[in-house]
Amino acid sequence: MSKVKPIIPPNFVENLFKQTRFSKKEIIGLCKLFKKLVAIYGAESTSSVAAMSSVVLITIPTQGFDRLMFREFLQNEFGITTEEILTDRIFCFFDQRNDGVIHEDEWITGLSVLLKGTQDERIKYTFTIYDLNNDGFITKEEIFSLLRNCLVKHPQDEDPDEGVRELVDIVLRKMDCDKDSKLSFEDFSTSVNKQSLLLEAFGQCLPSREMSDSFVNSISNMQ
């Protein structure tokens, strides 16, 4: 009698075990949860599109999270309700293949940083998120853009940007160690290690410790 082929290949789990900080049991739980969540958020995404369209909708099964699905996941599972500019950057961090879809292995390796990353890994992650043009620096313009998206809720107010510009200057005085009017990774890392609250200085891109612990506990008990 031939053996039933396992749903989750052992080498897939083994490779992720070597690449991440998850246990093998947690990885198996994540694999099961991934399929469930993709089905749930994929169905919601399809329903939203169908509701807005008057044409017949032909759906194609997805192999992972697209941007809209991932944004819903971040909000519902981790309470990350940040601006689109940041959720898009988080999506790009996970989408290592750069094909517009977060696949199962990418999802698990990305979550390893968000949920179990070391201080150095989390600093590197947040710096990557805030470095909007991927040039290795968080510039004054990028800081302004990030803070404006977070803080300016009533753009009709008289010169709402003035307060943001002042805040940018304060941030640079505090974090720009070499005084070149932009933040290198060394500037950012040094500042965060001195004051941990600066890790998410320009917008939320990590789940709270409580939500992280709850999520990890849930995947350990996946059936």
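These are my notebook entries on what I looked up in this predicted model.

**Ground rules**

I number residues from 1 along each chain as its sequence is written, and my side-chain values use heavy atoms, with hydrogens and water left out. Because the model is predicted, local features need pLDDT of at least 70 and side-chain atom pairs count only at pLDDT 80 or more, while totals for chains, interfaces and linings use all residues.

**Entry: overall fold**

I started with the element count: the protein has ten helices and two strands. I take helices (H or I, at least four residues) and strands (E, at least two) as DSSP runs, numbered from the N terminus. Read from the N terminus, the order is α-α-α-α-α-α-β-α-α-β-α-α.

Next I looked up burial. I call a residue buried under 20% relative accessible area, exposed over 50%, and partly exposed in between (1.4 Å probe, protein chains only). On that basis 39% of the 223 residues count as buried.

The accessible surface comes to about 12,700 Å², and carbon and sulfur atoms hold 53% of it. Those areas are from the Shrake-Rupley method with a 1.4 Å probe, and for residues only the protein chains shown count as cover.

Then contacts, meaning heavy atoms within 4.5 Å. Among contacts with a separation of 6 or more, 64% are between residues 24 or more positions apart.

**Entry: α3 against α4**

Two packed helices are described by the angle between their axes and the distance between the axes. I checked helix α3 (residues 67-78) and helix α4 (residues 84-94): their axes come within 10 Å and cross at roughly 105°. The axes are lines fitted to C-alpha atoms, for helices over the stretch in contact, and angles run from 0 to 180 degrees between N-to-C directions. I sort angles under 35 degrees as roughly parallel, over 145 as roughly antiparallel, 65 to 115 as roughly perpendicular and the rest as oblique. So α3 and α4 go down as roughly perpendicular to each other.

Which residues meet here? From α3 I listed R67, F70, R71 and L74, and from α4 they meet E84, T87, D88, I90, F91, C92 and F94.

**Entry: salt bridges**

Side chains of opposite charge can pair when their charged atoms come close. My cut-off for a salt bridge is a side-chain nitrogen of Lys or Arg within 4 Å of a carboxyl oxygen of Asp or Glu. I get eleven of them in the structure.

K116 pairs with E26, with the closest N and O atoms 2.7 Å apart. This pair links distant parts of the chain, since K116 sits in helix α5 (residues 104-116) and E26 in helix α2 (residues 24-52), 90 residues apart. K116 is partly exposed at 27% relative accessible area, whereas E26 is buried at 9%.

R148 bridges to D161, and there the closest N and O atoms are 2.4 Å apart. R148 lies in helix α7 and D161 in helix α8, so the pair ties together parts 13 residues apart in sequence. I noted R148 as partly exposed at 28% relative accessibility and D161 as buried at 17%.

Salt bridges that share partners also join R97, D105 and E106 into one network. Within it, the D105 and R97 side chains meet at 2.9 Å, N to O. D105 is partly exposed at 24%, and R97 is partly exposed at 45%.

**Entry: positive phi**

I looked for non-glycine residues with positive phi and wrote down two. N134 has a phi of about 60° and lies in the loop between α6 (119-130) and β1 (137-139). K179 has a phi of about 55° and is in the loop between α8 (161-175) and β2 (182-184). N134 is exposed at 54% relative accessible area, and K179 is exposed at 58%.

**Entry: Q204**

What does Q204 touch, leaving out residues up to four places away in sequence? I found F78, G79, I80, T81, T82 and L86. Q204 is in the loop between α9 (185-194) and α10 (209-220). Its C-alpha is 8.0 Å from that of L86, although the two are 118 residues apart in sequence. Q204 counts as partly exposed, at 29% relative accessibility.

**Entry: a nonpolar patch**

Last, I looked at the surface patch of L151, L167 and I170, which together have about 250 Å² of accessible area. For patches I take residues with over 30% relative accessible area and no salt bridge, joining like charges within 9 Å and nonpolar side chains (Val, Leu, Ile, Met, Phe, Trp, Tyr) within 5 Å. L151 is in helix α7 (residues 140-151) and is partly exposed at 48%.
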